[in-house]
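This briefing concerns one predicted protein chain and is arranged by topic. The sequence and model are shown first, followed by the notes.

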Amino acid sequence: MSRRLALLLLAVLATGAAEPAAAHAAPAGAPVALYIVQTAGDPAATYAGGVSGIPETAPAPGHRLDPGAWNYPAYRAYLHRQHTQVVRAAGLDVPPVVEYTTVFNGFAARLTTADAARLRAAQGVVGVYKSR
């Protein structure tokens, strides 16, 4: 994992820019670990448009992201659906521990090594990183 990505992930976790979700219970006997899954597409902070019906959420230079704007939660909901589709496309039924949509597009989940491999091969996944 690149130093830049590691710093970005650390910043995401430190700022609390995650949405809590239900915990995952792994099958008995299968060792699991926490993984961060990066998905394709821009997070809200850099989204410049392109999804039908949802205009850009990226702030203009010198301005801040506006989480009160109507398109902000609309785009985050779109990313949530994308996260769900990626998991289903991999043939998995693992809920995210947290979802990242503001400065990083992805989610964290408790996965077996086999689950992580399936996600790595899934369309729409940029990377799967085991938490240390």
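**Briefing on the predicted chain**

Phe104 is found in the loop between E3 and E4, where helices (H or I, at least four residues) and strands (E, at least two) are DSSP runs numbered from the N terminus. At 2% relative accessibility, Phe104 counts as buried; buried means under 20% relative accessible area, exposed over 50%, and partly exposed in between (1.4 Å probe, protein chains only). The C-alpha atoms of Phe104 and Thr39 lie 8.9 Å apart in space, although the two residues are 65 apart in sequence.

**Basis of the model**

- This is a predicted model, in which local features need pLDDT of at least 70 and side-chain atom pairs count only at pLDDT 80 or more, whereas totals for chains, interfaces and linings use all residues.
- Residues are numbered from 1 along each chain as its sequence is written, and side-chain values use heavy atoms, with hydrogens and water left out.
- The average pLDDT of the chain is 85, and 79% of the residues score at least 70; pLDDT is the predictor's confidence in each residue, from 0 to 100.
- Over residues 4–26 the pLDDT is below 50, and this stretch has 39 contacts in the model beyond near neighbours in sequence; contact means heavy atoms within 4.5 Å.
- Where pLDDT is low, the predicted coordinates should not be read in detail.

**Overall architecture**

- The chain has three helices and five strands, and from the N terminus on its elements run α-β-β-α-β-β-α-β.
- Of the 132 residues in the chain, 39% are buried.
- Among contacts in the chain with a separation of 6 or more, 68% are between residues 24 or more positions apart.

- Ala33 lies in strand E2, and its contacts, not counting residues up to four places away in sequence, are with Ala109, Arg110, Leu111 and Lys130.
- Ser131 is found in the segment after strand E5 (125–130) and, at 37% relative accessibility, counts as partly exposed.
- Ser131 and Ala33 are 98 residues apart in sequence, yet their C-alpha atoms are 7.4 Å apart in space.
- Leaving aside neighbours within four places in sequence, Ser131 is in contact with Leu34 and Tyr35.
- Gln38 also lies in strand E2, which spans residues 33–39, and is buried, with a relative accessible area of 19%.
- The side chain of Gln38 makes a polar contact with that of Tyr129 (3.4 Å); a polar contact is a pair of N or O atoms within 3.5 Å, where within protein one must be able to donate a hydrogen and the other to accept it, and residues adjacent in sequence count only if both atoms are side-chain atoms.

**Loop residues**

- Thr102 lies in the loop between strand E3 (98–100) and strand E4 (106–111) and is buried, with a relative accessible area of 13%.
- A polar contact of 3.0 Å joins the side chains of Thr102 and Tyr72.
- Pro55 is placed in the loop between E2 and H2 and counts as partly exposed at 38% relative accessibility.
- Pro55 touches Tyr47, Trp70 and Asn71, not counting residues up to four places away in sequence.
- The C-alpha atoms of Pro55 and Ala74 are separated by 9.5 Å, the residues being 19 apart along the chain.

**Second largest pocket**

- The second largest pocket holds about 150 Å³ of space; a pocket is an open set of points on a 1 Å grid over the protein atoms alone, where a 1.4 Å probe fits, with protein on both sides within 12 Å along at least five of seven lines, and lining residues have an atom within 4 Å of a point.
- Residues lining the second largest pocket include His80, Arg88, Asp93, Glu99 and Phe107.
- Helix H2 (residues 71–89) supplies the largest share of this lining, five residues.
- The lining of the second largest pocket divides into six nonpolar, three polar and three charged residues; Ala, Val, Leu, Ile, Met, Phe, Trp, Tyr, Cys and Pro count as nonpolar, Asp, Glu, Lys and Arg as charged, and the others, Gly among them, as polar.

Definitions and conventions:
Grid points are joined across faces, edges and corners, and a volume is the space filled by probe spheres set on the points.
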